[in-house]
Amino acid sequence: MKTSPTHIAIIGAGPAGFFAAEALLKDDGPVAVDMINNLPAPYGLVRDGVAPDHQAIKSVARAYVKILTRDEVRYFGNVTLGEDVTLEDLRSRYDQIVYAVGAQSDRRLGIPGEDLAGSHAAMRFVGWYNAHPDFRTEAFDLDCEDVVVIGNGNVAIDVARILVLQPDRLATTDIADHALAVLRKSRVRRVTLLGRRGPAQASFTNPELREFGRLDGVSAEADAAELELDPASAAEIEDNAVRKRNMNTLRAYADAVPGDGDRVVRFRFLVSPLEVVGRDGKVCGVRVERNRLVAQDDGYQRAEGTDVVETLPCGMLIRSVGYRGAPVPGVPFDERAGIVPNAGGRVLACAGSAEVVPGEYVVGWAKRGPSGVIGTNKADAAATVALMAEDRGVGISAGKGSERADDLPLLLERRGVRWVDKEGWARMDARETALGEAQGRPRVKFCSVPEMLDAAGAAGSRD
């Protein structure tokens, strides 16, 4: 029986990576886990994606703190695979490698005018208001009264809510200071969310949808005619409690009367964008086509255009039509699906292949695509970790073994990489929370990598 630990590298320190680490630490055999993250701070979308006014959702990070304190776990923040370390570096040091790299890019609409000034991906807007270092210099011109958000999921709802919330309410959260300053000057009065299919197919969760009815100074609207369900859609929600509650909430919005002076969020369904309309190089509207639903043989309700077209005026457009994975140097990638090709979590040599890459695995959005909520990653990670245990039992490993796993810090020092270990993250976390406490906020986030590294007292620096 093997008594020395199995050395495992997890690439990515978001929810999927931490759930994988948690499952590995519960495994029968001894393990040594190194979490390698491209940003200095861990927690991924919990830190950089969850809306700042939803602090309760971020409380899942308490479980991640416990994992990081384990002796079997090391953390290497500000280390990028393909730049600071190579895949061969990892294969020569680890028995198993887990890719928990998420979905780092956005899906496009593929329509004319998509790249006009004032047309933005939701991913960038979310990163901007959440103090993600890669998006802190983004510019969003809120000197307009109408914004259109294309999408029918929780990210679209988050974007709309941030645009209409009273800035004083946001001032008590961990929103980025640069975003709060812009939102305080915002002229946005109306936000319209567009869904290409009907309300029965929308992927909102009900607490997020229902929240609009509880916000001071905000009214929610829906068109009663667009909430009428065809027989197939009615059957689709019959046994789905979440979608039934969504329909009840939307019908209540259709019956509501907006308050004087309220900011308004409008829910539109069965409309697809055809073109982003511009004037002088900037967004001034979006041309949309009315759709009908056509049932497919497999029961899927496909949106089909009706040639009924209208133009909605807006000064800004935000595209919230999904995230997409991006290739990592040396790691197989399925361009069509936007994921690491895999069989249940075992990495495959290429899309469509049955050849397994020994000792390499994938979890989370990089495994299945951008679907589900944070908790979805737990069972997903456990399933992959079970396969890892099977492979360890028959001696399958990533490469040359783990004889040199402990020398990763030396390798990074030789290459002049400034990295953040878990003690450094604890220092950065303490600094942020202390700054927040002084202002009555959960934390004040550092928004740039140099600030983060300085706060952490990052290792491996060279004079």
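**Pockets, fold and a cavity**

Tutor: In this predicted model, the lining of the second largest pocket draws at least two residues from each of helix 2 (45-48), helix 3 (55-58), helix 4 (61-68) and helix 16 (422-438).

Student: How much space lies in the second largest pocket, and which residues are the closest to its centre?

Tutor: The space in the second largest pocket comes to about 430 Å³. Its lining is made up of 19 residues, and those closest to the centre are Tyr43, Lys58, Ala61, Asp429 and Arg443.

Student: How many residues of that lining are charged?

Tutor: Sorting the lining of the second largest pocket by class gives 8 nonpolar and 3 polar residues. The remaining class, the charged residues, has 8.

Student: Why does the radius of gyration of the chain agree with that of a compact globule?

Tutor: The chain has 463 residues, and for that length a compact globule would have a radius of gyration near 23 Å, so the value for the chain can be set beside that figure. Along the principal axes, the C-alpha trace spans about 70 × 55 × 40 Å.

Student: What percentage of contacts between residues at least 6 apart in sequence join residues at least 24 apart?

Tutor: The chain holds 17 helices and 18 strands, and 53% of its 463 residues count as buried, with under 20% relative accessible area as the cut-off. Among the contacts between residues at least 6 apart in sequence, the share that joins residues at least 24 apart is 75%.

Student: Where is Ser105 placed, and which residues is Ser105 in contact with, leaving aside neighbours within four places in sequence?

Tutor: Ser105 belongs to strand 5, which covers residues 105-106. Gly315, 210 residues away from Ser105 in sequence, lies 24 Å from it in space, C-alpha to C-alpha. With neighbours within four places in sequence set aside, and contact taken as heavy atoms within 4.5 Å, the partners of Ser105 are Met123, Tyr323, Arg324, Gly325 and Ala326.

Student: What is the volume of the largest cavity, and how many charged residues are in its lining?

Tutor: The structure holds 1 cavity of 30 Å³ or more, and the largest cavity has a volume of about 60 Å³. Val101, Ala326, Val328, Phe333 and Val340 are the closest to its centre among the 14 lining residues. Ala326 is also one of the contacts of Ser105. By class, the lining of the largest cavity has 10 nonpolar and 4 polar residues, and the number of charged residues is none.

Notes. Residues are numbered from 1 along each chain as its sequence is written. This is a predicted model: local features need pLDDT of at least 70, side-chain atom pairs count only at pLDDT 80 or more; totals for chains, interfaces and linings use all residues. Side-chain values use heavy atoms; hydrogens and water are left out. On a 1 Å grid over the protein atoms alone, a cavity is a set of points where a 1.4 Å probe fits but cannot get out, and a pocket is an open set with protein on both sides within 12 Å along at least five of seven lines; lining residues have an atom within 4 Å of a point. Grid points are joined across faces, edges and corners, and a volume is the space filled by probe spheres set on the points. Ala, Val, Leu, Ile, Met, Phe, Trp, Tyr, Cys and Pro count as nonpolar, Asp, Glu, Lys and Arg as charged, and the others, Gly among them, as polar. The radius of gyration is taken over C-alpha atoms; the globule rule is 2.2 Å times the number of residues to the power 0.38. Buried means under 20% relative accessible area, exposed over 50%, partly exposed in between (1.4 Å probe, protein chains only).
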